[in-house]
Each structure stands twice: as structure tokens, then as C-alpha cells.
Amino acid sequence: MQKQHTRRINLALQGGGTHGAFTWGVLDRLLEEERIEIEGISAASAGAMNATNLASGFEMGGAPGARAALDRFWHRMAEMGWYNPIRRSWVEKLRGTWNLDHHPLALSMEQVSVLLSPYQTNPFNLSQLRMLLDETIDLAPLRAGSAIKLFVAATNIHTGQPRIFRRHDLTIEALLASSCVPQMFQSVVIDGEAYWDGGYLGNPPLWPLTLECASPDIMIVQISPMRRDGVPKTAAEITGRLNEIVFNGSLMTQLGAISTVRQIIFEPDAKGRQIDRLKKKNLFLHRIEAEEAMRTLGAVSQLNTDLEFLLYLKELGRKAMDRWLRQHFDDLSRCSTFDIDALLQSAGSPSPLLAWAEE
């Protein structure tokens with residue numbers, strides 16, 4: 001039974017490599033909040049890792065179990081990446097930056113990725129991520145349980161369409177598919193179909209939460225900056241910004257669709273009527289982000305597994321979530337806490353009303 005004054009929400013978690021440690025912090029603080037229950041989580045890539053660890057840990061130990069599972073995952077990632085050479089040098093430390101876009105090894109890796117595919121550089125398809133997931137996630141209680149609905153996105157290479165994996169069909173392969181960046185990993189084959197990163201078509205996917213969950217509140221945890229000043233000039237800057245645009249594109253498209261449908265539903269048409277047949281439930285959107293801080297990080301830092309970096313991002317996420325709770329907890333189930341149309345306009349993509357709405 002739902003506790004008195006408890007609010008139920010849904011979470012939509014973006015991917016973004018080790019920048020997902022920001023989401024770790026957001027979830028860690030959220031799980032401390034006894035007044036909030038999580039109904040469903042939709043996610044892609046690193047967001048899917050966070051979502052699955054949270055849901056699995058929750059099945060076995062409630063909120064404390066979920067927090068412990070997330071801690072175990074990220075600390076184990078840092079341990080396994082102990083010899084990862086992509087980390088801050090004394091130069092970056094003196095500058096006080098986590099941006100590694102000019103790291104020599106990262107630059108050489110970028111050149112190699114242009115010439116050689118993962119099928120050539122890793123012909124045996126060895127995966128440290130698979131080892132990490134095998135060690136840290138127990139999917140059996142997750143598939144058998146029902147506490148939190150789970151929606152993990154992957155991109156079908158053959159059809160160019162998204163696939164959503166739910167609790168009952170979630171596997172390690174599905175998680176690997178959701179995080180399969182094609183320049184780094186061989187495609188993941190599931191039931192004869194090949195998949196790449198889910199972030200290409202849903203980063204994160206919002207539609208499962210609107211169609212399969214009862215709670216009207218969707219909290220988007222955003223990692224990738226929507227906006228950057230200046231024009232990228234170096235190869236690393238161009239690649240990094242292109243990836244941000246691509247991985248944010250699906251989210252912007254979904255927000256645009258939601259904005260348009262809202263106008264159709266709630267604004268009177270030319271004859272003063274409303275389209276009540278579409279009005280099934282209210283939908284309140286909330287966004288947790290740290291745009292200013294995330295803009296200082298380049299794309300290469302998404303490969304940084306240094307525990308110091310992960311803990312920095314975790315604390316950034318905790319502070320962002322704590323700030324939102326203090327300012328907006330009472331707005332849950334009452335109103336959205338960020339302006340979709342303003343966000344779309346700032347990105348240069350206003351949401352037009354569909355022509356048929358005026359017929």
C-alpha cells in the first residue's frame with residue numbers, strides 16, 4: 001500500500017559512458033527520499049546500467065539494497081579500469097579540468113577507429129563490460145519481481161527501429177546491446193537480430209512510461225548538454241558535439257511530440273472545442289541536469305574510469321537532485337517543473353501544432 005503523502009514517479013535516464021556516474025548520484029539521493037516511490041524506469045546505455053542495478057538491488061533489499069547495488073557497480077568499474085590510461089595527467093590536474101579531449105592516447109584511438117572497426121581491433125569480441133555486468137547484476141530476481149517496471153532501449157540495425165526490453169526479457173546481452181557504440185564494440189545479436197546503442201533512437205525513450213505507467217510524473221535525468229557556445233574546431237570537439245546532438249535528438253523529438261499533443265488536447269481549437277478523446281491523463285515533466293558543469297567535460301572523459309572522477313560526478317548528481325527536491329517536491333503530481341516549449345525554442349526547434357488539429 002502506498003504511504004500517505006508518498007509520490008510515485010517515473011525515471012527516464014540518459015546514457016553517456018562514465019558520465020552516467022552523475023545519474024548514480026541523482027539516484028543515490030533520490031533513494032534516500034522516503035516520500036518518493038519509483039514506478040518505472042526507462043533508459044539507454046549507461047542509463048540502462050544504472051536502472052538495472054537500481055531495480056535489481058531494490059528487489060533484494062529495498063532502497064538501501066538499490067543504493068548498495070549502484071555503489072558496487074561503479075566502484076567495481078573503477079577497479080576494473082585501474083590500468084585505464086585515459087585519465088587526468090598532471091597537466092589537467094594543474095588546470096583543474098576533467099576535459100581529456102586532447103589526451104594523446106584518445107587522439108590516437110580516434111584515428112584508429114576511423115581506419116579500423118571493432119571487428120578488426122577486437123576480433124575475439126572480448127568485453128570487460130560483460131565481465132562487469134556478470135559480476136554485479138543478478139537478473140534472476142529482477143525478472144521474477146514486479147516492484148519497478150523497467151524499459152531498456154536498443155537500436156535494431158536491420159530495421160533502424162528501437163526495441164524496448166522489459167523485465168521478463170532482460171538479459172546481459174540486452175544491456176550490452178543498449179550500450180553498444182558501433183565504433184567501439186561489435187554489434188550484439190539477440191534472437192537473430194543485431195543491435196547498437198539504444199541512445200540513437202531513445203535517449204531515453206519516454207513513450208513506454210507514458211503508455212505503461214500510471215504515474216503522471218516523469219523525471220528526466222539528462223547528461224548530454226543541449227547547448228554549447230562556440231563552434232567546434234578540432235576533430236575531437238567535432239565528434240563530441242556531433243554525438244551530443246545525435247543522442248539528444250531523440251529526446252528533443254519526443255519532447256516536441258509531447259508539446260504538440262498537449263496543445264492539441266488542452267488548447268481550444270478554432271471552433272472552441274477541446275479534443276477530450278485524447279485526454280487520458282495529465283503528464284508532468286521534470287528535468288535533473290547540471291548543464292554548466294557537463295559542458296566543461298569533453299567526449300573523451302566518457303571513457304574515464306578514475307574513481308576520483310566518478311565520485312566527482314556522483315556528488316554533482318546528488319547536489320542536483322537535492323536542490324530539485326528542496327525546490328520542487330510539492331510540484332509532483334501538480335505541474336511540470338521545466339518549460340518544454342522554452343527548451344525547444346532555445347534549441348531552435350519549436351513545436352508546431354499539427355494541421356489536422358484545426359480541422
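Okay, let's start with Arg 163, which is partly exposed at a relative accessible area of 22%; partly exposed means between the buried cut-off, under 20% relative accessible area, and the exposed one, over 50%, with a 1.4 Å probe and protein chains only. Keep in mind that this is a predicted model, where local features need pLDDT of at least 70, side-chain atom pairs count only at pLDDT 80 or more, and totals for chains, interfaces and linings use all residues. Residues are numbered from 1 along each chain as its sequence is written, and side-chain values use heavy atoms, with hydrogens and water left out.

So who does Arg 163 pair with? One partner is Asp 169, in a salt bridge at 3.7 Å, N to O. By salt bridge I mean a side-chain nitrogen of Lys or Arg within 4 Å of a carboxyl oxygen of Asp or Glu. Asp 169 is partly exposed, also listed at 22%.

Asp 191 bridges to Arg 163 too, with the closest N and O atoms 3.9 Å apart. Asp 191 sits in the loop between strands E5 (188-190) and E6 (193-197), and Arg 163 in strand E4 (residues 162-166), so this pair ties together parts 28 residues apart in sequence. Strands here are DSSP runs of at least two residues, helices (H or I) of at least four, numbered from the N terminus. Asp 191 is exposed, at 69%.

Next up, Arg 166 and Glu 212: their side chains meet at 2.5 Å, N to O. That links strand E4 to helix H9 (residues 207-212), 46 residues apart. Arg 166 is partly exposed at 27%, and so is Glu 212 at 32%.

Zooming out, the whole structure has 20 salt bridges.
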